[in-house]
Amino acid sequence: VSLGEQFSTVLDAAKTGADWAWELLYDECSPVVLSYVRGRGAAEPEDLVAESFLHAVRAISSFSGDERGFRAWMLGIAHRRLVDDWRYRSRRPLSPATDETLEAAGGGGDVEEEALARTEGQQVLACIGGLSADQQDVLLLRLVADLSLDEVASILGKRISAVKALQRRGIARLHKELFRQGVSR
Amino acid sequence: VSSFDDYDDEMARLNELSDRDLDRLFAGGSTGSALSDDLGAVLGAARTALTEAPSEVARERHLAVVLQEARDLALAEQTRAPAPVPAPVSPWRKVMRRSLSVALKLSVALGAATLSMAGLAYAGVDLPGNAAENAVENVLRIELPNQGRPENAGKSVADEVQAVIESFEDRGCEFGQAVAAAASANRQDESPAKDDPCTKDDSNGANGSRATAEERSAEGRARASEASGGASDAGADNAGTHDDFGRATAEEASNGGQGNGSSASEAGADNAGTHDDFGRATAEGASSWGQEKAASASARRKANRPTD
């Protein structure tokens, strides 16, 4: 979903707190944000998406730019939330969920079918998880958000030359791992 | 089998692709080579595996939270009191305010400068000229201590000393006295004036001092001989003692006066004052010493003389 030329109108409405504007912005950006945080191995990716949008609501008055810039801005917020989440979890180990919690969270359905459908995706995620943290950041932001090298460097706080090197090493390693596991062919 | 597995160093093969080629691959395109086809397939698989929208349940939950936050912020923004607008200030008031500020700063600077000058003047610091002291006295209407008198206004001690030096051609005793008096004009602990040594029998210079010394020594010698004569009447021991002592003192005084007088005459006019003073002081000392001894011996002789 792309907002195109109506993005500026949607942005102005979102700054005034219009519900419809925020629904459009959420539908446009939430898949990208969720893909990024999930690919980075977040423990609760959907919670991080909600938290990222809450921060966006509070800081929307400071943003100015086009639709592509808004996507990069949202991913920057998600990246900082992700880092904060890692720090928080490193200080407070998680306690295992109770049986009642698991039953309440279970959506039902055919578990085997879901597992088979996700096999290839899980293998890709596993290969990406084998990369270094910086390589994961660069490849995920380039893949799922289609950001340029400049935008990735800005979000990660690195030089473009460093981002280029991380991108090449990440691609080579991912290619090797995926072909070794026979995912793509 | 992938052609990638034929090479150990995959980074070397990846260098065949430029940054623009990689951008095209990330955008879903291809450069037409086998390598780019391989990489395009890898990136496509990764993108497919990663891209996932939130579930409908999660979407509803997230939107409820986000929309509520947006409404709250919008409401808070509307109810927030507008910032107070500053009242317009007339140009005349601005000018007056600025002028007052400048005048205040100038007065503070002037006061600080005046106080510092007053402190320096009170401490007796000799600044070049007395302009600062005069300015302080004129402004504060007070008379500062340790400053020059009105007749010396505008002149420093150095100027006065320079004037004294230039006014004298002769570098004698009077010249030194005058320079010393001018230099010590600003002293706080000014002691009472002493007797002027230049006025004591120095009109004849070195010869005069020698003559004075000889006169003094002769007088002392006469008094000593008189004392020794009286002492012989009183007894052999006492008279001999006083006689010898008085004679030796007189001779010593005579020798000192003559020696000093002759050396002073050889030294020249510049040193005449110094030697003159020394010879005169020595002669005076000898004279007074001989007189005292003579008087003492005479009294003792009278006391020891047997009464008839």
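What follows is a short chat about the predicted model above.

User: What kind of model is this, and how are residues numbered?
Analyst: This is a predicted model, where local features need pLDDT of at least 70, side-chain atom pairs count only at pLDDT 80 or more, and totals for chains, interfaces and linings use all residues. Residues are numbered from 1 along each chain as its sequence is written, chains are lettered from A and ligands numbered from 1 in the order in which they are written, and side-chain values use heavy atoms, with hydrogens and water left out.

User: How many helices and strands in chain A?
Analyst: Chain A has 10 helices and zero strands, taken as DSSP runs (helices H or I, at least four residues; strands E, at least two) numbered from the N terminus.

User: How much of chain A is buried?
Analyst: 46% of its 185 residues, with buried meaning under 20% relative accessible area (1.4 Å probe, protein chains only).

User: Switching to the interface: how many residues of each chain are in contact?
Analyst: 40 residues of chain B contact 46 residues of chain A, contact being heavy atoms within 4.5 Å.

User: Which part of chain B gives the most to that side?
Analyst: There are 14 residue pairs in polar contact between chain B and chain A, both residues at pLDDT 80 or more, a polar contact being N or O atoms within 3.5 Å, one able to donate a hydrogen and the other to accept it, with residues adjacent in sequence counted only if both atoms are side-chain atoms. On the side of chain B that touches chain A, α4(B) gives the most, with 13 residues.

User: And how many salt bridges?
Analyst: Eight between chain B and chain A, each a side-chain nitrogen of Lys or Arg within 4 Å of a carboxyl oxygen of Asp or Glu. B:Asp19 and A:Lys164 form a salt bridge at 3.1 Å, N to O.

Terms used
Buried < 20%, exposed > 50% of the residue type's maximum accessible area, 1.4 Å probe, protein only.
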